[in-house]
Structure formats: C-alpha cells, structure tokens
Amino acid sequence: MIGIVLLVVIVAAGFWFVGAYNSLIGLRNQVFNAWKQIDVQLKRRHDLIPNLIETVKGAMNFEKETLESVIAARNQAIAATRGTTDLPSAQQVQATAAAEGQLSSSLSRLFAVVEAYPNLKATANVAQLQEELTSTENKIAFARQLYNDQATVYNTRQQQFPASLVAGFARATPAELWEITDASEREVVKVDLSMNAKK
Amino acid sequence: MSDEVNLFAQQEANRRRSRWLVIGFILFFAWLGFGGDYIAYLATAHAPPESYHHVFPWIGLVLTTLGALMAKYSYSTGPTNILKSTGAREIIDAQTPQETQLVNVVEEMSVASGITKPHIWIVDDPDPNAFATGHDESDSNIAVTQGLLAICSRDELQAVVAHEMGHIKNLDVRLMTLLAALVGAVALIADGAGRVMFSGGFGRGRSRSSSDRESGSNPLVILLFVVWIVSWILAPLITRLLAMGVSRKREYLADAMSAQFTRNPLALASALTKIESASEPTRSIKGGAAHLCIADPMGRAVNGAEGKVAELFGTHPPMPTRIARLKLMGYEQSEQAIPGGSAAPIATPTTASIPAI
C-alpha cells in the first residue's frame, strides 16, 4: 500500500517537473522572440533614415552638422545591434539602448531644425515620412514594452517558489529589462510637424 | 473595486469571473441534457425487468451533438459571413493618408500584442464602430467604420484597435461563437419540445405508460422532474443571460488588454466618449456580431442604458462604467510613473512625440 502511494507521488512529481521545465523553456523562447522583434523594428528604423536624409537634404544643405550627426548615430546603432543567438546579456541590452537613445536624440534635433523650414514641412513627402517615422518609433516602443512584459513574466516564474526548484535544471537566469538609464533620455521630445492626417 | 484598479489586476479579475460564468453555463447545459437522463434512470430503475430501463444517456448526447454541430457550422462560416454582411472592403494597399495611418496603427498594435498582423477592413458607415473576427491569432480580421476614422485621433484609433486585438488574443471569437451556438441549440429544442408537449400526445402518453406509476412512490424523482421541466421552460432565458454575462466580462477584459498594449487607457476612455456621443446606430453591422464590436451597434439607447434589466441583456457593459474603469487605470498608471516605481518602464508613445529610447 505504502509502495503504491509512494509510486503515485513520484510519478506526480515527475509530471510536475516536466511541466514546469517545459513552461520555463517556453517562456524563455518567448522572451528571445520578443527581443528579436525589437531588432526587426530597429532595423526598419535604420532603413528609413536614408530616405529621410535624402528628402530633407536639398532644403537644408547649410545644416550639415545635424544631418551628419544623425548619420553617425545611425551607423553606431547598426553596429550595436548585431544579431544575437541567445538571450541578450546585460551589456548588450545597455549598449543597444544607449546607441538607440543617441539616435533618438539626434533625430529629434533634426526635426526641431525642420520646424524652421515651413516649405519643407508642407511637402507631402515629409508628411508621409513623418507618419512612417512616428509609426516606427511607436513600434520600437511597443516591441520594447512586449519584451519587458515577457521578461517580467519569465523572471517572476523562475523566482517563485515551486518553479524555482526547476530553474537550475532549465538553466534559467533572469532576463535583462530594457530600462531608460540616462535622465536626459527619459524626457520625451516634442516633434510637431502638424501633418494633415492627424486631427 | 478599489483593489482592482491596476490593469493586470482588472484583467485577472475579469478572466476569473468569465471563467466561473462559463463553468456555470456548461453545468446548466449538462443539467438540461444529462440531468434529464439521470432522472429518467432513477424513474425506471425499479421498473419490472421486462419494461423500459433508461441507461443510455441519449437526451444529453443529442443535445450536446446538436450544440457541437451548430457551433462547428457557425464557427467555420462566421468570419466570412460577418464581413460580407457589413460590406467591408479589405485594405491591401493603403491609398489615402488616413488608410496609411490605420495600417500603421494596426501594425503597431500587432507588435505590442505579439500576434500576427490581422487583415484590415473598412466599413463604409458614418457611425463610429469597430469589430474583430477570425479563428485564431494567425488568421484574424479587424474592421473599422469610416466614421471611426473620421472622429478619432491617432492615439484613440490605436486604443480602439488595441481593444479589438484584445478580443483576438483572448480567443473571444471562439468563446462567444460556442456560447451563441449552445444558446441556439437550447432555444431550438425548448421551442420544439414545447410545441410537441402542447399539441398533446407524445410527451405525456409515453411517460405515463412506463414510469409514472413506479416513480409515483418516490417524491424525490417527481421533484427533480418538475425542477428539470421548469429549467427547460426558463432555459432559453437563462442561457442567454449567462452568455451575455460572459460577453460583458470579456468587454472589460478587452478594455484592460487595450490598456496593456497602449499603456494609455485614457486614449480609449476618450475614444469611448466620442463613440458614445454619436447616438446613431451602426446600420451595416448586424446583431450577430454585436459582441465583437467596440460598442453595441444598436447605438446610445443601448450603450448608455444603466437600468439593471437593460444591463443584464446587454452584450456590452454600460459606457459610463467602462470609461470610469479606464480612468482608474490611467490614474493608477500616473501614480506608478514615478521613476523606478515599476518593473516595466511605462511607454506612452504618442503621435506628436518621439519617445527616447
């Protein structure tokens, strides 16, 4: 009798172990996927910038400095987001965040300059680019939000009591959250090209 | 209410409540079918060996099979029918800036929710509304009316789209199609059985011949039988009420999902305010798709209704309550937004701003 009870307990524990292990692996892959999504959106942003430069270049050839700083920031950001095959390390997350932050602030400087050229602002091309860029910036923010949400679920799961026993076997370590570290990057820069589609 | 202002807490609370309602629905459905079998089994258990013994639960099996077939049929044809009946047109290549913006907003929300980008449809109707339909995360549709595009700002449009994404992510299309089919099956049988009963003959004659005299000695069986018959008389009403209850909880849940995806519950609150103030009903959306819309297509008379009875039969909770809950979430969020206050940094991307990374 005791033997049977023991057997049942061991089998139940075995099932629980496999279930907890697999759910940790599943969560980990979701986090990795969310990280890849950020990559996809960042790449889209990097691809949009040459178009933007091309469009505004003619009208503001005496603002070379601003344009060059955008280009430099873009190249640096591309270098920072090298493809990763595993969950990103803390340094990788921070390096990417810093490079993209740089790009964000140089872009917002560029938009501040565009403000000074009403003719440029009025062209349909710029309005279109503005919508595309807004959308891309939003997508990056949302991808980052999804990554942070998934990473929080994964981190919570591996630290909570019963699952934490399995965390070692699944080689689960807390995923790095994408945080805004620099105080100046925290502020949201206003860009208003008052496009017509916006009501 | 005060303990569930946080959007994740609201999601959890609504999930839990709709789960209980679904369990209640299934139990009631089982009672209507297999409950009848059990009563018949008790009634015929002590009958003489040569007379009829009810052992095979055919009442329950017939009811379940009917429900399953109806669910399967409406599930497989539903999405195409709904889109066809509204006269929606799919946007493949965006033509106008407005359409481009819609496509971008949907793409943003599919990034935020982590599901495959749905097909996008526009309904040429001046009343602001939106709905979602489809089978699962990889095959879904979102439709918005021309009226919605006209009155909403980018942020508001984003919040409405996020609400519909919430329906898709929660598999509400599946859940509500199933419940609607079960309600239909119950109504069909109750209606048919009612006619047979009142036209005399079958029901009465049969029960008297085999079981009535035997069960007459057992008051419990008679009591159960009476309760069962009363349940069947009330069944069309009760199943409908339960299904509507589930629908309302799923609306609150989709609102909270929208808040999670956009991190901007106030945008949905202001979109709902605008939608509510457009009092016209959405003529091109038929009643069948009402539970998947952002607001009941019947218009203000239904959405604003706050009476207890009106509330019980509504697919959507009253607008003022939805808006109040969203504002609570917004308030909670602004409390949290103090630096270092929360695990997940709160991003509120807006049209006019580039969020620093």
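**Close-up views of a predicted two-chain model**

**View 1. A bridge between H119(B) and N141(B) in the sheet of chain B.** In this predicted model, H119(B) has N141(B) as its bridge partner in β4(B). The two strands concerned, β2 (residues 119-123) of chain B and β4 (residues 139-145) of chain B, run in the parallel sense and are paired over five bridges.

**View 2. The open sheet of chain B, with four strands.** The strand order across this sheet is β1-β2-β4-β3 (chain B), and the pairing is mixed. Its edges are formed by β1 (89-90) and β3 (130-136) of chain B, each of which pairs on one side only. Helix α2 (residues 58-86) of chain B lies across β2, β3 and β4 of chain B, and its direction makes an angle of about 155° with β3(B).

**View 3. Packing of helices α1 and α2 in chain A.** Helix α1 (residues 2-57) of chain A packs with helix α2 (residues 64-80) of chain A at an angle of about 170°, the axes being 10 Å apart. Because angles over 145 degrees count as roughly antiparallel, α1(A) is described as roughly antiparallel to α2(A). On the side of α1(A), the contact is made by H46(A), I49(A), I53(A) and K57(A), while α2(A) contributes L67(A), V70(A), I71(A), R74(A), A77(A) and I78(A). Sorted by class, this contact of α1(A) with α2(A) comprises seven nonpolar, one polar and two charged residues.

**View 4. Chain A as the setting of the helix pair.** Chain A contains seven helices and one strand, and, read from the N terminus, its elements follow the order α-α-α-α-α-α-α-β. Of the 199 residues in chain A, 35% are buried. Among the contacts in chain A with a separation of 6 or more, 82% are between residues 24 or more positions apart.

View 5. Chain B has 12 helices and five strands, and 44% of its 357 residues are buried. For contacts in chain B between residues at least 6 apart in sequence, 72% join residues at least 24 apart. The mean pLDDT of chain B is 78, with 82% of its residues at 70 or more. Over residues 201-215 of chain B, however, the pLDDT is below 50, and this stretch has 17 contacts in the model beyond near neighbours in sequence. Residues 338-357 of chain B likewise stay under 50 in pLDDT, and the model gives them 61 contacts beyond four places in sequence. For the complex, the predictor reports an ipTM of 0.70 and a pTM of 0.77.

Terms used:
Residues are numbered from 1 along each chain as its sequence is written. Chains are lettered from A and ligands numbered from 1 in the order in which they are written. This is a predicted model: local features need pLDDT of at least 70, side-chain atom pairs count only at pLDDT 80 or more; totals for chains, interfaces and linings use all residues. Axes are lines fitted to C-alpha atoms, for helices over the stretch in contact, and angles run from 0 to 180 degrees between N-to-C directions. Angles under 35 degrees count as roughly parallel, over 145 as roughly antiparallel, 65 to 115 as roughly perpendicular and the rest as oblique. Two residues are in contact if their C-beta atoms, placed from the backbone, lie within 7 Å. Ala, Val, Leu, Ile, Met, Phe, Trp, Tyr, Cys and Pro count as nonpolar, Asp, Glu, Lys and Arg as charged, and the others, Gly among them, as polar. A residue is buried if 20 or more other C-beta atoms lie within 10 Å of its own, exposed if 12 or fewer, and partly exposed in between; C-beta atoms are placed from the backbone. pLDDT is the predictor's confidence in each residue, from 0 to 100. Two strands pair if DSSP finds at least two bridges between them.
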